[in-house]
Amino acid sequence: MAPYESAQRTAGDEDRPTGRRRVARYAVPAAVAGVAAATIGLVPALADSGDPDLPKITAQQLIEKIAASDQEQISGNVKISTDLGLPSLADAAASLAPKGGDGEGGSAAAPDKKLMELVTGTHTLRVAADGPQKQKLSILDDAAEYSIIRNGSDVWAYDSKSDEAFHAEDGHAGKAPKEDRGKHEGVPATPKELADEVLKAADETTSVTVDGTASVAGRDAYQLLVEPKGTGSTVGSIRIAVDAENGVPLKFTLSPSSGGKPVVDAGFTKVDFAKPAASTFEFKPGKGTKVTEAEDLEKLEKKHQKEFGKEGFGKDGFLGGLGGDGPTAKGKDGGMKVIGEGWSSVAVIDSGTKGGVPSSGSGELPPEADQLLDSFGDKVTGEFGSGTVFSTRLVNALMTDDGKVYVGAVDQATLVKAANSQK
């Protein structure tokens, strides 16, 4: 039976500040969620009866339940599968980034490369949290384990495969606002982090309903269904399974409008809301473990950025300024403006470059970047002129030959229309 929808809509557009994220520039899924869920309208609906049998609840009540959740202790396993239709960006980023163990001061344990691995494929994570000062996330594979541990002001990352550790001190640890507690720096990895990205804003561009119930990791849950109302978006739907007892999101599934398997599917396979043992958040590097301090790595990154600039990569790195000096602040929001509303909105950035994207095989780019361009770049033309569209299953970007970048969780036709509207 389809859920009943009333005509009432409730706006819930409270802005949520985000904490400082050391590796935010590598967080492709975070960017996806931010663009795809620019605005969301809440349409209350009664839940279908299902298995398990739970009391009826409206979408607004379920949203409020998520927001009011004060569960600070949690541990368990999360399975996350991501299929953006991208080549191996983790390998490409690794080849462009400073290498660990090569005498240049890099670290195989630095979060940029490791968290980038979550952009593609299927991974098993172990997560634990005990309030805002103690969190741990581990990426597990058959032969090794990678962990990020926050304990008070200390943040450690450890890669068992290379026996390397990364250390940073965060003077603001534990002072994050309630809605940001338990979040990990960089790529959103848990269902709650992903759900928070979607539920940041609200208007009438989206239908939000309660669509039955489910059992996730042995817990009874309501299913919140988020669907765009307009056309042009690459997002088909977002389904969030919410714990019926405490309001914690247990599973997050983002399906594309083109059909097929989900773009992002992240959910607990095992979960426990008891207080984790204090030893969970303790870490001390072993004898012989190579330790890299964050300050030293930042100095190395600045050195490499200068080298990239000399070779034509731009002072902000490859994606920050192809062939030039990076984005220029010509929009009212620090160089960016938005065309359209809701799910079909398109962000416009002036890259400050002319001549478009350097061509593949031109010698202007490293081999890894050439491979990236060849894999998903298509030439397009319109009233705006000409440019190149880079496509994924969710986020698409048009780079025009006059230096503009149009990006959004929209199809190619919507990008071209947005570019034409600026002429």
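Predicted model: local features only at pLDDT ≥ 70, side-chain atom pairs only at ≥ 80, totals over all residues.
Reader: Which rings make up the aromatic pairs, and how many pairs does the structure hold?

Author: The structure holds two aromatic pairs. In one of them, the ring centres of W156 and F283 lie 5.2 Å apart with the planes at 50 degrees, so this pair is tilted. W156 belongs to strand β5 (residues 154-159), while F283 sits in the loop between β11 (264-272) and β12 (290-293). The two residues are 127 residues apart, and the pair links distant parts of the chain.

Reader: Is W156 buried or exposed, and what about F283?

Author: The general idea is a cut-off: a residue is buried when its relative accessible area is under 20% and exposed when the area is over 50%, with partly exposed in between. W156 has a relative accessibility of 15% and therefore counts as buried. F283, at 25%, is partly exposed.

Reader: What is the geometry of the pair between Y158 and F283?

Author: Here the ring centres are 5.5 Å apart and the planes meet at 40 degrees, so the pair of Y158 and F283 is tilted. Y158 lies in strand β5 and F283 in the loop between β11 and β12, so parts 125 residues apart in sequence are tied together. Y158 counts as partly exposed because its relative accessibility is 21%.

Reader: Next, salt bridges. How many does a search of the whole structure find?

Author: Side chains of opposite charge can pair when their charged atoms come close. The search of the whole structure finds eleven salt bridges. One of them joins the side chains of K275 and D130, at 2.6 Å from N to O. K275 is in the loop between β11 and β12, and D130 is in strand β2 (residues 121-130). This pair links distant parts of the chain, 145 residues apart.

Reader: Where do E245 and R219 lie?

Author: E245 is in the loop between β9 (235-243) and β10 (249-256), and R219 is in strand β8 (residues 219-228), so their pair ties together parts 26 residues apart in sequence. The side chains of E245 and R219 meet in a salt bridge with an N to O distance of 3.2 Å. E245 counts as exposed at 61% relative accessibility, and R219 as partly exposed at 22%.

Reader: What is the N to O distance in the salt bridge of K114 and E117?

Author: The distance is 3.8 Å. The cut-off for a salt bridge is within 4 Å, so the pair of K114 and E117 qualifies. K114 is buried, at 11% relative accessible area, and E117 is partly exposed, at 24%.

Reader: Which residues are linked in a network of salt bridges?

Author: D83, K261 and R393 are linked in such a network.

Reader: Which residues gather in a patch of negative charge?

Author: E169, E293, E295 and D296 gather in that patch on the surface. E169 is placed in strand β6 (residues 164-169) and is exposed, with a relative accessible area of 61%.

Reader: Why can helix α5 be called largely enclosed?

Author: Seven of the eight residues of α5 (residues 191-198) are buried, so the helix is largely enclosed by the rest of the structure. The buried residues in α5 are P191, E193, L194, A195, D196, E197 and V198.

Reader: Last, the backbone. What is phi at D163 and at A217?

Author: Most residues other than glycine have a negative phi. D163 is a residue other than glycine with a positive phi, near 55 degrees. D163 is found in the loop between β5 and β6 and is partly exposed, with a relative accessible area of 28%. A217 is a residue other than glycine with a positive phi near 50 degrees. A217 lies in the loop between β7 (206-216) and β8, and counts as partly exposed at 29% relative accessibility.

Terms used: Residues numbered from 1 in each chain as written. Heavy atoms only, no water. Patch = residues over 30% accessible without salt bridge, like charges linked within 9 Å, V, L, I, M, F, W, Y side chains within 5 Å. Areas by Shrake-Rupley, 256 points an atom, 1.4 Å probe, with all protein chains shown as cover. Lys, Arg positive; Asp, Glu negative; His and termini not counted. Charge placed at Lys NZ, Arg CZ, Asp CG, Glu CD. Helix = DSSP H or I, 4+ residues; strand = E, 2+ residues; numbered from the N terminus. Buried < 20%, exposed > 50% of the residue type's maximum accessible area, 1.4 Å probe, protein only. Phe/Tyr/Trp six-rings, centres within 6.5 Å; stacked < 30°, edge-to-face > 60°.
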